[in-house]
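Dear colleague,

I am handing this structure over to you. Please look through it first; my notes follow below.

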Amino acid sequence: MMAFINRIFPILLCISLFSSCTTNTQVDLIVFNAKIYTVDSTFTTAEAFAVKNGIFIDIGTSEVILKRYKAKETIDAKGKPVYPGFYDAHAHFFMFAELLDQADLTGATSIGEVIDKLKIYHLSHPEKKWIVGAGWDQNLWSEKAFPTKDSLDKYFPDIPVYLSRIDYHAAWVNSKALGIARLDSGKTVEGGLIMIDSLGHPAGILVDNATSLVSMHIPEEAEINLLMSLRRAQDSLFSVGLTTIVDAGLNPDQLEILTKFYAQDSLKIRDYAMILAEPNDIENYIRQGVYDSDRLSIKSVKLMADGALGSRGACLLEHYHDHPSKGFLLRSPAEFDETIRLLANSPFQVNTHAIGDSANRLILDAYGKHLKDSKSRRWRIEHAQVIAPDDFKKFNKFHIIPSIQPTHATSDMYWAEERLGAERIKGAYAYKELLQQYGLVALGSDFPVEHFNPLYGFHAAVARVDKTGFPGGGFQMENALTREEALRGMTIWAAFSCFQERKRGSIEKGKDADFVILEDDIMTAPDNALRDIKTLRTIIAGETVFLRD
């Protein structure tokens, strides 16, 4: 018997080895014949990878991957570039979704053009009880002055009108809207401004915290309508290669409904949502704790330090160069200090909107005062737009991540020096300096304030020009990023800023199979071609969520 076993065993072993060498492992997806930018620690490139159960399981040459695996689906990339799924580190998903059903005033070059857009919108939406819109920017108009309610009252006397400025830090309203809010005289608003006319009555412009006095009266959309709008917005984001976004500030109602939609698998895009915190509610948020699922994370708090430069609500150390004011904080320094103290002793990440150099200094110092083990906490400054020379080093000293939006530089450059003056502008939009201080920057768009296409931000970061190529030679080119830095900023560094670098942000074994295929290579294409490069396919967890026809 033993002799038989000794004879047959080598035969069985050979059969087993032959079978294992000739049978490919089954996977869900193989992508091959590609130029894959893995965006790993050494920025290596590859030709192919295999995906199983929504995870990258192997990366290498096309020959090896195709021999090693058998897939339900294969994608021949035909030499096209592949990147990790693009990650927008600062965006506003709900605002974008809502704008799809509102009057879009973006790019209007005069009050007359705004009125024309509103007339068209009103005629096509007769069922709306309010005319709500967004995107106007007085800096694009010849007079560059804030409008008044009179322009709206003339054409819309019987329906309330509420129009958010491009930065969502100011609103233009008509008399009907003011009447509903019972704002018939000047009123002091902490962290806000109600502009008045010569008679002391509201002129129709509300800034920062004053906007909520009217916006709170706008009827809420039905839940099903909101879901449809979010899905439409999601489809737009997929079409430009976005697979993860940071929702930079949602109120409790929005967070509740977003959690419900994700629990029902009604949305696919990955969302790192920030709680838009009111100081009085901080302890309640801390008690509730963090929320984390595969597609939705709620583990950070968004604070608002000041307003925006365009509406002169940004809080500056010295007066605006073109106006006798310094802007204002949206809360008192004491409130910020106490809020940050409480959050420093909680599991939450804190991400604070700070535009002006005074606001940035206040928040950086408060972070430094209260944070222990600051390197591991990864707290962020959102925008970090104007920084005093002595404050840049605090990003390094206190380990604070700069969360920046490159298109803000190329949108604001036409008038930013008028606001800040020739000397102070040098510390504005200083992305390279911020990168050198912390070691990385998280890149976002701030959509719908700016366009949602991440390649617009990539272009602005590396070329520092607008879509026409203005200005020649670039705007403050000493603060341009390299292409590798910009790509890292919209993938792995953005993921790092949300504690997700081990799950996504690069194409590596064991990570979520989120990736995008473009028609041309953003690492080698001419600067003037970057904004026009199209997304061919967007994939989340191995599933194609967008495919260009």
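At 14% relative accessibility, does Lys 394 count as buried or exposed? Lys 394 counts as buried at that value, where buried means under 20% relative accessible area, exposed over 50% and partly exposed in between (1.4 Å probe, protein chains only). Its partner is Asp 391: the two form a salt bridge whose closest N and O atoms are 2.7 Å apart. The term stands for a side-chain nitrogen of Lys or Arg within 4 Å of a carboxyl oxygen of Asp or Glu. Asp 391 has a relative accessible area of 2%, so this residue is buried too.

Some background on the model. It is predicted, and local features need pLDDT of at least 70, side-chain atom pairs count only at pLDDT 80 or more, and totals for chains, interfaces and linings use all residues. Residues are numbered from 1 along each chain as its sequence is written, and side-chain values use heavy atoms, with hydrogens and water left out.

Confidence: pLDDT is the predictor's confidence in each residue, from 0 to 100. The chain has a mean of 94, with 96% of its residues at 70 or more. Helices (H or I, at least four residues) and strands (E, at least two) are DSSP runs, numbered from the N terminus. Among these elements, the lowest mean pLDDT is 44, for helix H1 (residues 2-22), and the highest is 99, for strand S7 (residues 81-84). Residues 1-6 have pLDDT below 50, and beyond near neighbours in sequence this stretch has zero contacts in the model (contact means heavy atoms within 4.5 Å). Where pLDDT is low, the predicted coordinates should not be read in detail.

Other salt bridges: the whole structure holds 33 of them. Asp 167 pairs with Arg 165, the closest N and O atoms being 2.6 Å apart, and both residues are buried. Asp 512 and Arg 270 form another, at 3.9 Å between the closest N and O atoms. Asp 512 is in the loop between helix H20 (492-496) and strand S23 (515-518), while Arg 270 is in strand S16 (residues 270-276), 242 residues apart. Both belong to a salt-bridge network that also includes Asp 294, Arg 295, Arg 504 and Asp 514.

Nonpolar core: this is a set of buried Ala, Val, Leu, Ile, Met, Phe, Trp, Tyr and Cys residues joined through side-chain atoms within 4.5 Å. The largest has 120 residues, of which Leu 487 and Ile 522 touch the most other members. Helix H8 (residues 223-238) gives the most to this core, with six residues.

Regards
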